[in-house]
Amino acid sequence: MRTEAYDILPTPVRRSLKKLGRDIRIARKRRRLTVAMMMERVGISKMTYLAVEKGSPRVGIGIYGSALMVVGLGTPFADVADSARDEEGLALDEARLPERIRPRKGESAL
């Protein structure tokens, strides 16, 4: 079922959500877990879990994270927006550095 939330998502986001859902489904099957087992372990209804496997944008990010933890894929969101890996942000910070640093009035040079 298409929703307004689905319609406003950029195409790359929709594709990545669908891929995430497929990846969770494949991981579940490789571990020989049933949908019922996943529902119980994640603590969600069957409808919600099936939406996870479809990559629905209506499902909360916490539920996706829990499903990934259940299949043993660790803490998937720990590095998603890691500021240490933000190359563009780091470059912008570096560009804002002053050319010269002068001591403030009353401060010693040491």
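**Exercise 1. Where does Arg32 lie, in terms of the loop and the helices?**

Solution. The model is a predicted one.
- Step 1: Arg32 sits in the loop between α2 and α3.
- Step 2: Check the backbone. Phi of Arg32 is near 55°, a positive value in a residue other than glycine.
- Step 3: Classify the accessibility. Exposed requires over 50% relative accessible area. Arg32 has 72% relative accessibility, so Arg32 counts as exposed.

**Exercise 2. Describe the packing of α2 against α5.**

Solution. Two packed helices are described by the angle between their axes and the distance between the axes.
- Step 1: Take the axes. Those of α2 (residues 11–30) and α5 (residues 61–70) come within 10 Å and cross at roughly 30°.
- Step 2: Name the arrangement. Angles under 35 degrees count as roughly parallel. Therefore α2 and α5 are roughly parallel to each other.
- Step 3: The crossing of α2 past α5 is left-handed.
- Step 4: List the contact. α2 supplies Leu17, Leu20 and Ile24; α5 supplies Tyr64, Ala67 and Leu68.
- Step 5: Sort by class. The contact of α2 with α5 has six nonpolar residues, no polar and no charged.

**Exercise 3. Treat α4 and α5 in this way: angle, distance, contact.**

Solution. 
- Step 1: The angle is about 80°, and the axes are 11 Å apart.
- Step 2: The range 65 to 115 degrees counts as roughly perpendicular. So α4 is roughly perpendicular to α5.
- Step 3: From α4, the contact uses Thr48, Ala51 and Val52; from α5, Ile63, Tyr64 and Ala67.
- Step 4: The classes are five nonpolar, one polar and no charged.

**Exercise 4. Which residues touch the most other members of the largest nonpolar core?**

Solution. 
- Step 1: This core holds 16 residues.
- Step 2: Ile24, Met38, Tyr49, Val52, Tyr64 and Ala67 touch the most other members.
- Step 3: Assign the elements. Two or more residues each come from α2, α3 (35–42), α4 (46–54) and α5.
- Step 4: Follow Tyr49. Leaving aside neighbours within four places in sequence, Tyr49 contacts Ile24, Arg28, Val35, Met38, Met39 and Ile44.

Key. Residues are numbered from 1 along each chain as its sequence is written. This is a predicted model: local features need pLDDT of at least 70, side-chain atom pairs count only at pLDDT 80 or more; totals for chains, interfaces and linings use all residues. Side-chain values use heavy atoms; hydrogens and water are left out. Axes are lines fitted to C-alpha atoms, for helices over the stretch in contact, and angles run from 0 to 180 degrees between N-to-C directions. Helices (H or I, at least four residues) and strands (E, at least two) are DSSP runs, numbered from the N terminus. Angles under 35 degrees count as roughly parallel, over 145 as roughly antiparallel, 65 to 115 as roughly perpendicular and the rest as oblique. A crossing is left-handed if the near helix is turned anticlockwise from the far one by less than a right angle, and right-handed if clockwise. Contact means heavy atoms within 4.5 Å. Ala, Val, Leu, Ile, Met, Phe, Trp, Tyr, Cys and Pro count as nonpolar, Asp, Glu, Lys and Arg as charged, and the others, Gly among them, as polar. A nonpolar core is a set of buried Ala, Val, Leu, Ile, Met, Phe, Trp, Tyr and Cys residues joined through side-chain atoms within 4.5 Å. Buried means under 20% relative accessible area, exposed over 50%, partly exposed in between (1.4 Å probe, protein chains only).
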